[in-house]
Amino acid sequence: MISVGIIGGSGYTGKKLIEFCNLHPEIDDFKIYGNSSSGRKILDLFPEFSNIIHNDEIASIDYLSNHDLYFIALPHGEALNYVPQLIADGKKVIDLGGDYRLDSQAEYETWYSKKHTSPQLLATKIYGLADYQAQDYSASNLIANPGCYPTATLLSLLPLADSFADEILTASTVAYSGTSGAGKTPKQELLLSEMDGNVSAYNLNKHRHQPEILQMLNKFGFDSPFSFSTHLLPVAVGIYATTSVHLKSEIPNEDIIAKYKSFYSNSPFVRLREVPPQLNWVVGTNFCDINISVKNKVMIITSAIDNLVKGASGQAIQNMNILFGWNETTSLLNYGVKNVPAY
Ligand SMILES: NC(=O)c1ccc[n+]([C@@H]2O[C@H](COP(=O)([O-])OP(=O)(O)OC[C@H]3O[C@@H](n4cnc5c(N)ncnc54)[C@H](OP(=O)(O)O)[C@@H]3O)[C@@H](O)[C@H]2O)c1
């Protein structure tokens, strides 16, 4: 049994972490740390947890108690203030933000417009794409939890890159996110009156998730032109990514499907679908649903996830399960599952 600190537990991903920690049989106790919300009662902030969790006070992130594991769910840049000391103290840390995802200090400073103050940890962290099973988590106490768009995009592209990287002429991902992807801080463009019935592209050619995706794809031998465009969808939750790949020559459909099946044969949270997934099938769950369509030399891959669960807190819990040697599905498998068509 372990004790857990949730730093940034008052935010959107923090709230999901509270739910998962409360359900987890290996977690003895968990404590929530906030910034502006410190001193408030948890149930003031989240009345929906009444009769489910204790109405403790939210503690200040400036005074951390002793825990075995810390989840960090803070805006980018803030984790730099906590992670180095926690790691020096021998603690395990899972950071949901972007501060430790990139391997290169220069890349981080370019894309995040901020100096990295603990670059030595960039080399030793594990990039925790939990459904990519070949990783050894014993080498580090720091897991950089992937971003939501990279999770949906990488899970849909890694099997292809792993076996057919040399066959890829270009890859282009068009991705859509619900508004909770931006966290709880109010922004005019996220108001219902702006979003209702509306779709818009944003951060074109400058989204911070692009170098994160490319970093991982490059490790799998992908070295072709790649474009990544992001859109806001008028829903609260969900990521939908459609990637078009132009191939140099035809690859039989069955070879590609066989590759995806074997790549994910031990991945309980990746579901290969015979038709393009719908957001509804995955929202509220830790699943990533993927469909592959190949015709002539064009391959179109669609993938769908819940940005707050598979794209953040669910994957963080999965990473915790792997880090501590527990069954990776613990407290996750049946979470949020609704009746969906069994294709
Ligand atoms: N939302 C997603 O879908 C998603 C997906 C993947 C990864 N992430 C990443 O996860 C992290 C948390 O995202 P979120 O959506 O949960 O954000 P959020 O809803 O905005 O919550 C942010 C949390 O950080 C605290 N905080 C805010 N400003 C702070 C500051 N200046 N110093 C210290 N603490 C501060 C807040 O505390 P108070 O409320 O007490 O002020 C709150 O607990 C981010 O790095 C984000 O990029 C988010």
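Reader: At about what angle does α1 run to β1?

Author: Happy to start there! This is a predicted model, where local features need pLDDT of at least 70, side-chain atom pairs count only at pLDDT 80 or more, and totals for chains, interfaces and linings use all residues. Residues are numbered from 1 along each chain as its sequence is written. Helices (H or I, at least four residues) and strands (E, at least two) are DSSP runs numbered from the N terminus, axes are lines fitted to C-alpha atoms, for helices over the stretch in contact, with angles from 0 to 180 degrees between N-to-C directions, and contact puts two C-beta atoms, placed from the backbone, within 7 Å; α1 lies across β1 (2–7), β2 (27–34) and β4 (69–72), and its angle to β1 is about 165°.

Reader: In what order do the seven strands of the open sheet come?

Author: Two strands pair if DSSP finds at least two bridges between them. The edge strands, β3 (59–60) and β6 (126–127), each pair on one side only. The pairing is parallel, and the order is β3-β2-β1-β4-β5-β7-β6.

Reader: Which residue in β7 is the bridge partner of Val93?

Author: Strand β5 (residues 92–95) and strand β7 (residues 142–144) run parallel and are joined by three bridges. Across them, Val93 has as its partner in β7 Leu142.

Reader: Which element gives the most to the shell around the ligand?

Author: The ligand is surrounded by 30 residues, the closest being Gly11, Gly34, Ser37, Gly97 and Gly183; a residue counts as near if its C-beta atom, placed from the backbone, lies within 6 Å. Two or more of these residues come from each of α1 (12–23) and α11 (309–323). With three residues, the biggest giver is α1.
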